[in-house]
Amino acid sequence: MCAQILVAEDDPKQAELIRRYLVRDHHAVRIVHDGRAAIDEARRKPPDLALLDVMMPKVDGLDVCRVLRAESELAIVLLTARTTEDDELLGLDLGADDYVTKPYSPRQLAARVRAVLRRSGRKKRLEPQVLQVGALTIDVARHEVALAGKLLDCTPAEFRVLVVLAAEPGRVFSRGQLLSRAFDVDRFGTERTIDVHVMNLRRKLEPDPRKPVLLLTVYGVGYKLRGGSADATPA
C-alpha cells in the first residue's frame, strides 16, 4: 500500500531513519521538524497519514493532532517518550489512530503504520456515511451527531465509540472490543477509558443519565446501543 506520509520529528537523524524504513514500503515521505510546519504542510498537501512526535517546538504533537483531526479524517500516529496511561488516553481522545512509545524499532513503527493504513482504508470503503438509530443520526463524513434533529458536541473519542455502537444497534460490545474497534488498541489497562466515554455520552444522549434508556449497560459484559423493541428494557 503506497501512501503519502507526513513525518513531523524535530530530531533530523531520527526523522531520516523513519523515512528510510517507510520508503522501503514504497511510501512517499515528507519531513518537517516542528509542529507549525506540520500543520502548514498538511494543509498545503493533505497526506494519507501523519506521524507526529509529541515533543516538538513551536506547536507540540498533541496540538497538531487536535488541529488536523478537526479539519480532516487522515490517519494519525503519535510518537512519544511519555509512557503513562493518561498520556496515551489523551492522545487517543484527541483523535490519534495509534500511539507509539519510545524507544521503538523502526521496523516496529513501519509495521504499525501499515496496520493503521489498512484499517483506515477499510473504514473508508466499508463505513456507512450516515447511521440512523431511532432519533439518533450520525453523519460519519461530516463528523456530526444529532438527536431528534439537535446537534450534539462530541469529542473525537466519543464519536468513535458511538459509531461502533450505532453500526450494530442492539449488539453488546465488551470494553475490549470497543477499544479495539474505536481506537485500534488492545490493552487491558486502558479499558477504563470506555467507561468514561460512555458516561460522557450518556450526559449528552439521555434524558436522565442515571437511568439510561439508549446507551445501555449489560452487566458483566459491556455496552450496547438500544436498537429496537427487543432492547426496550434497560439493562
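**Exercise 1.** At what angle do the axes of helix 6 and helix 8 cross?

*Solution.* The model is predicted: local features need pLDDT of at least 70, side-chain atom pairs count only at pLDDT 80 or more, and totals for chains, interfaces and linings use all residues. Residues are numbered from 1 along each chain as its sequence is written, and side-chain values use heavy atoms, with hydrogens and water left out.

Step 1. Find helix 6 at residues 156–167 and helix 8 at residues 192–205. Helices (H or I, at least four residues) and strands (E, at least two) are DSSP runs, numbered from the N terminus.

Step 2. The two axes come within 10 Å and cross at roughly 85°. Axes are lines fitted to C-alpha atoms, for helices over the stretch in contact, and angles run from 0 to 180 degrees between N-to-C directions.

Step 3. Helix 6 and helix 8 are therefore roughly perpendicular to each other (angles under 35 degrees count as roughly parallel, over 145 as roughly antiparallel, 65 to 115 as roughly perpendicular and the rest as oblique).

**Exercise 2.** Which residues make the contact between helix 6 and helix 8?

*Solution.* Step 1. Contact means heavy atoms within 4.5 Å.

Step 2. Helix 6 contributes Ala157, Glu158, Val161 and Leu162. Helix 8 contributes Ile194, His197, Asn200, Leu201, Lys204 and Leu205.

**Exercise 3.** What is the strand order in the open sheet of 4 strands, and which strands stand at the edges?

*Solution.* Step 1. The order is 6-7-8-9, with antiparallel pairing. Two strands pair if DSSP finds at least two bridges between them.

Step 2. Strand 6 (130–133) and strand 9 (150–152) each have a single partner strand, so one side of each is left without a neighbour in the sheet.

Step 3. From one strand to the next, the twist averages 25°.

**Exercise 4.** How many bridges join strand 7 to strand 8, and over how many do strand 8 and strand 9 pair?

*Solution.* Step 1. Strand 7 and strand 8 are joined by 4 bridges. Ile138 stands opposite Val145 in strand 8. The hairpin of these strands has 4 residues between them, and His143 takes a positive phi near 60°.

Step 2. Strand 8 (residues 144–147) pairs with strand 9 over 3 bridges. Here Leu147 stands opposite Lys150, and Ala146 stands opposite Leu151. Their hairpin has 2 residues between the strands, and Ala148 in the turn has a positive phi of about 55°.
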